[in-house]
Structure formats: structure tokens, C-alpha cells
Amino acid sequence: MDVVAVSTSNLLDYLHDPSPRTLGRSALEWLDRLRKPTVVHVAGRDRSRTRAMATLLHGNEPSGLLALHRWLLEQHTPEVNMLFLLGGVYPAKIPPALSHRQLPYGLDLNRCFRQPFKGEEGAIARALLAELQRVKPECLLDVHNTSGTGPAFAVTITSDAAHQALASLFTNRLVMTDLRLGALMEYSEQEVPTVTIECGGSQEEQAHQLAYEGLVRYTSRADVLSQEKAEWDVNVLRNPIRVELAPEATIEYRLAPTGQADLTFPPDIERRNFGVVSPDEPLGWVGEKGLSILTAIGHNRAETMEQILRVKDGQIYPAQALKAFMITTNPVIAKSDCLFYAVKATGEPIF
Ligand SMILES: [Zn+2]
């Protein structure tokens, strides 16, 4: 079967069992041919069930697109029907391709999967949700890259056996969060096991490879929701607090503070990701404003910083042994999204 351009929504394009001719020789060539956020259907051996995977919700996170392109080119027949949702086609197409998380002046698509579905991104999110509601998949993955480098992990709002089994197709680290941000993974609330996969850095070959291998496991197994079949034992990190930087604060990544910035991290701070940091290990430096430029958000409310960080002679130390992750060295992400997440060294919540 070849491409059938049936549009049930003018916001989305549709591909059915696309042929290698439709896909182009590379993922970039395929992206160049995509005109809108795109829905791809691939018929499986068991036509009574469907699994879904979204990716490219952030236009600069290519692992899922690269994996999907490779998998489609290889013309696999999946165990069950597959529904693929390519969200951020518009930002991804802005030259140089795959460099924009979202449109300039646009919204973050992965914060728009809830009322009031604001702006163009909200309309796209609503159209993608309508596709899911129509097809009723047995589970949903949303494949991303982290902003820096670092190991892969999964994120979910529920950590039951089905969610752990899904995560284990890609990684043994599962972050469970009660935070609600309007992300697609909140589709779990519709009783459809949903897991976000952060494959590692967008420039990392091993992240692309992991996305592909995980996709092969996801599409080729009769059962992806039973833990007995899980690839790895999953290590669950519960309810991390989210440490945010004040919008007006400045951050630098240097080996020593210049005195100009409110916060200074060493350039290799990312190596702390998922490691345990003990209270005697310095993380970075604060300026005159101290820790007042940071906010810790847990369970949708602000918490005190004292249980997380402390300052001694201008240096920042953990207040207790912590496991931190999603530490970024991208100052734009640090300011617009979040600086890092943290749990106790045991994986339990700090609050
Ligand atoms: Zn992302």
C-alpha cells in the first residue's frame, strides 16, 4: 500500500503504510517533504489492537523521527497496528532543520495537551488527542531527547506494572511525577498507559540507536505491558522536585565564577545526571542574591530550598544526599524550563 492523503483534520496530514519512495532516503529528506504535523498508520498482524507513539513534539529532538524513518524504510510488519504522531513538524522544518524546540513566539507543544488548548499549538495538540481518542491505542509512548547529554530515562505520572514494562523497552530509570504541565504523558489519565521516553542528548548517536531499538521492541512484541516480559528491572524515582531559576536571573557555565552571574555551574555539570551527590560535594556558585533566585516546585507548589541546597562561602552544596537529573547546560532551557530535578539518594521524594 502507498501513501493515501486522506485528511480528516486540516491541521494534520495522514500517511498510511508509507513506501520507501514516500519517505525519502534520509529522515531530513522526509522532514523536508512533510508539510504539517503528520499521522502515520502502519497495519499490523493483529488488526484488532493499536499501539501509539508520538515524537518530535519538540522540533529539536530528532531521535524518535530518525528511529521512525529507519523503521519505516525497513518496511517491518508490526505485531499490532501502529499509530505514529509527528507533532512539531513546523518548528523542526525551520532552517537549519531540527534546531528549534518550538516556533519563535510559539508555545511549547508539550505543554498544550490540556484545556484551554491555547494558540496554534493548542489546536494541534487537540487534533492529536482526537486521533488517539478515535484509534483507542492500548498504550502510548512519547519519544524525546534531553537538552544536554546524559543517560536515557522515562517519565510517567503513574508507576504501575504496565508503565514500568513500557519504560523498560528503553531504559531502567523511570521518573514518576505528580506534576501536571499539560504534557502528552498525562494521557495516562485516560486509562491508557503512557510513558515519555527521554532518549539522551539530541546530538548523541547512542540516543538515536536506543530510540530505534526501543521502537523495534515496542512494535515486535505481542505483549509490551506485562512486567514479567520487562527488558530490565526498573528503578523508580518518585516525585522529584523541580528547581527553577527566576526569569530575571543570570546563569553562566564556567570553571570559576566571574562575579557577573547570579548562578554559575561548571561546564561539566551534566556528568552529575542520575549520580548521587553527597552534601560535601559543591555543585556551583551563587552571586549576591544567594539562593533567592531559585524556586523548588514539588506537588504543584513551591517548597523551601533549605532541604535541597545550602550555601557556604558562595558555593552551593546539596543539603542532603541527592540524585539530580535533567541538569542542563543550555542557559535558555535553564531559564525557560527548569534547572534540574532532584529526589533523595534513595529515589524517594524530598518532600
Ligand atoms: Zn522534549
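**Zinc site.** I began at the zinc ion, which is coordinated by His 58 (ND1), Glu 61 (OE), Glu 61 (OE) and His 144 (ND1), at 2.0 to 2.5 Å; I took as donors N, O and S atoms within 2.8 Å of the metal (3.2 Å for Na, K and Ca), and since water is not among the atoms, sites may look incomplete. The model is a predicted one, in which local features need pLDDT of at least 70, side-chain atom pairs count only at pLDDT 80 or more, and totals for chains, interfaces and linings use all residues. I note also that residues are numbered from 1 along each chain as its sequence is written, and that side-chain values use heavy atoms, with hydrogens and water left out.

I looked at the angles next: the four donor atoms around the zinc ion subtend 56 to 145°, which makes the arrangement irregular. For that label, four donors count as tetrahedral if all angles lie between 85 and 135 degrees, four count as square planar and six as octahedral if opposite donors are over 155 degrees apart and all others between 65 and 115, and anything else is irregular.

In sequence I read the spacing of the donor residues as H-x2-E-x82-H. Glu 61, in the loop between strand S3 (46-55) and helix H3 (63-73), and His 144, in strand S5 (residues 140-146), are 83 residues apart, so that the pair links distant parts of the chain; helices (H or I, at least four residues) and strands (E, at least two) are DSSP runs, numbered from the N terminus. Glu 61 counts as buried because its relative accessibility is 5%, and His 144 counts as buried because its value is 2%, where buried means under 20% relative accessible area, exposed over 50% and partly exposed in between (1.4 Å probe, protein chains only).

**Helix H3.** Eight of the 11 residues of H3 are buried, so the helix is largely enclosed by the rest of the structure; among them I list Leu 65, Leu 68, His 69 and Trp 71. Just after H3, I found Gln 75 with a positive phi of about 55°.

**Cores.** A nonpolar core here is a set of buried Ala, Val, Leu, Ile, Met, Phe, Trp, Tyr and Cys residues joined through side-chain atoms within 4.5 Å. The largest holds 44 residues, of which Trp 30, Trp 71, Phe 84 and Tyr 218 touch the most other members. Helix H7 (residues 205-220) gives the most to this core, with six residues. Apart from it I found another core, of 29 residues, including Leu 245 and Tyr 253.

**Domains.** The domain assignment, which is automatic or from a database, gives domain 1 (13-238) and domain 2 (241-344). Their C-alpha centres lie 29 Å apart, and the contact (heavy atoms within 4.5 Å) takes 17 residues from domain 1 and 14 residues from domain 2. The two domains bury about 1400 Å² between them, 64% of it on carbon and sulfur atoms, buried area being the accessible area (1.4 Å probe) that two parts lose on being put together, summed over both.

I looked up Asp 337, in the loop between helix H8 (331-336) and strand S20 (340-344), which counts as buried at 18% relative accessibility. Leaving aside neighbours within four places in sequence, Asp 337 is in contact with Arg 101, Arg 111, Arg 242, Glu 244 and Val 332. Gln 164 lies in helix H6 (residues 161-167) and counts as buried at 13% relative accessibility.
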